[in-house]
Amino acid sequence: MDLYLPVANLSVNALVIVLLGGGVGLLSGMFGVGGGFLTTPLLIVYGIPPTVAAASSASQVTGASVSGVFAHVRRGGVDFKMGGVLVAGGVLGTFAGAWIFKLLQALGQIDTVIAIVYVVMLGSIGGLMAREALSAIVRSRRGHAPRAAKRRHHPLVAALPFRTRFYASGLYISPLAPLLLGFVTGVLTILLGIGGGFILVPAMIYLIGMATGVVVGTSLFQTLFVTAVATMVHATTTHAVDIVLAGLLLVGSVTGAQIGARLANRIRPEYLRLALALMVLAVGVRILLGLVWRPEEIFSVTLS
Amino acid sequence: MRARAALLVVAAPLAMGQAKPVLVPDVSQRAIDIAYSFTGADLLLFGAILYPGGRVPVGEKPADIVVVVKGPTQSILLREKEKVAGIWVNAASARYRSAPSFYAIASSRPIADIVDDRARAIYELGLDSLQLSPVSTAAPDVQQRFGRGLVDLKSRAGLYLENPRAVEITDSVLYRARVTIPARVPVGRFTAETFLIRDGRVLAAAVRDIDIRKSGFERFVARAAERAGLLYGAVAVVLSVGLGWIAGAVARRF
């Protein structure tokens, strides 16, 4: 079924987009990530202009994270104070990101920068996750009980001023650390159309040292608000949000997310993490090849 | 005698004008509406060649018909990728003031056999004869490389088309040609030009306008995105939160 996208100015097969959203939603439900890092590149491969792809997939991440946030709030898995600081940083980050976006667009390097950031980010995070998941699998195979890691924040975080108490996270740290973390993910949300969950979660655990029970819920809370703000920023600056495209993606992804959340309960978490890591690495390698291989189109046109 | 001479002088252009054939062109659609199910359109350009006296001249070579459909011109920046430090990045660029957003040419014979290069440049006949009005003053070979790059890029997107032998002429008086408008077409005022050409000379030309516009919901959405960004963004956010919430609520029931 062909459907015309009024902002992207082309017609797509609606079923393909819904299924794409569904597949990403399934994975996001299973792994607890927004899935934006898959949606944007896949849409670009399908032929959607990169700006429209990034702008529209941010709203898909919003939809995919809503039910997760409600679920975590119900069981007390959200540190609202920490979440508030992260959101504040994230909102500042989206504004900074919009400025960077415009600058890079004017220089004609936006696509290259997006691709490089993707490769660096997916490569490093995917690598770290794969290593961690593999060693967890090896440990559980040998029958060792997983070593209870001593939870503590990074010394740099401890050195920052204006310490305050985050009760739900069990922390007494400076709010500057989560503010900065939120800022970085906000920039990435605008540039890449991702929620940033797979950066936030490890950073919250390993850098800030939050209690693990509130990590995923608080990260989803931040993702929900920051992707919503990112959609607004795109709608007012680049005018590239295609509501028809976003709607199609949403229908697929919110359904997929629910199914994925159920599947996740049946699989051992370390295998789940390994699978996610391999997928992240695969996407990173694909984008890297896109940079290195001679592109099909040497020339590109922008209206001036 | 003098009066007769004067009459002849006055009447001469009239008489010559009568000797030239006249084109009566038409298009199947004066307006193309882009709605939700738009996947492109087939435009039929047809018409008649009216010869003076209503008779096709005998003993002369048959005339050719060339049809050109052009989209609104755009001011564009064309960038060329180059391999720098192992990766492909945008490097050189060229600016054009009047690149057609869409260009399709159909003819009854290959265009190079019908007219010479000069006439092609004047009437913009053929993808290698487009008047792009480059702004930059680069070397001619660089200009050519960029020009070819633009044509190649647009051709592969289906926005520049060249179709020799797509014009059918029936009994030397009726002609018709089909031009495919792809879904990625830009909106705006298009023109359909028809040329009647014999011996490399343009005997007659005529133009028809075609409006390509978004209609209904598509028009509303595109306008809202452009003019009411804040409200549009808010609706997008409400839509995504709402759909996510509904899916979660439904899933909890089962």
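Residues 83-101 of chain A are 100% helix and 0% strand, with 26 Å between the end C-alpha atoms; helices (H or I, at least four residues) and strands (E, at least two) are DSSP runs, numbered from the N terminus. This is a predicted model, in which local features need pLDDT of at least 70 and side-chain atom pairs count only at pLDDT 80 or more, while totals for chains, interfaces and linings use all residues. Residues are numbered from 1 along each chain as its sequence is written, and chains are lettered from A and ligands numbered from 1 in the order in which they are written.

An unreviewed UniProt entry places the feature "transmembrane region" at several spans of chain A, including 83-101 and 208-233; such annotations may be inferred rather than shown by experiment. Residues 208-233 of chain A are 88% helix and 0% strand, and their end C-alpha atoms lie 28 Å apart.

Chain B is divided into domain 1 (20-214) and domain 2 (216-254), with bounds from an automatic or database domain assignment. The centres of these two domains of chain B, taken over C-alpha atoms, are separated by 40 Å.

The two chains also meet: 49 residues of chain B and 48 residues of chain A take part in the contact, where two residues count if their C-beta atoms, placed from the backbone, lie within 7 Å. On the side of chain B that touches chain A, α6(B) gives the most, with 17 residues.

Strands join the chains as well. Strand β5 (residues 299-303) of chain A pairs with β5(B) in the antiparallel sense over 5 bridges; pairing requires at least two bridges found by DSSP. Within β5(B), B:I76 is the bridge partner of A:L303.
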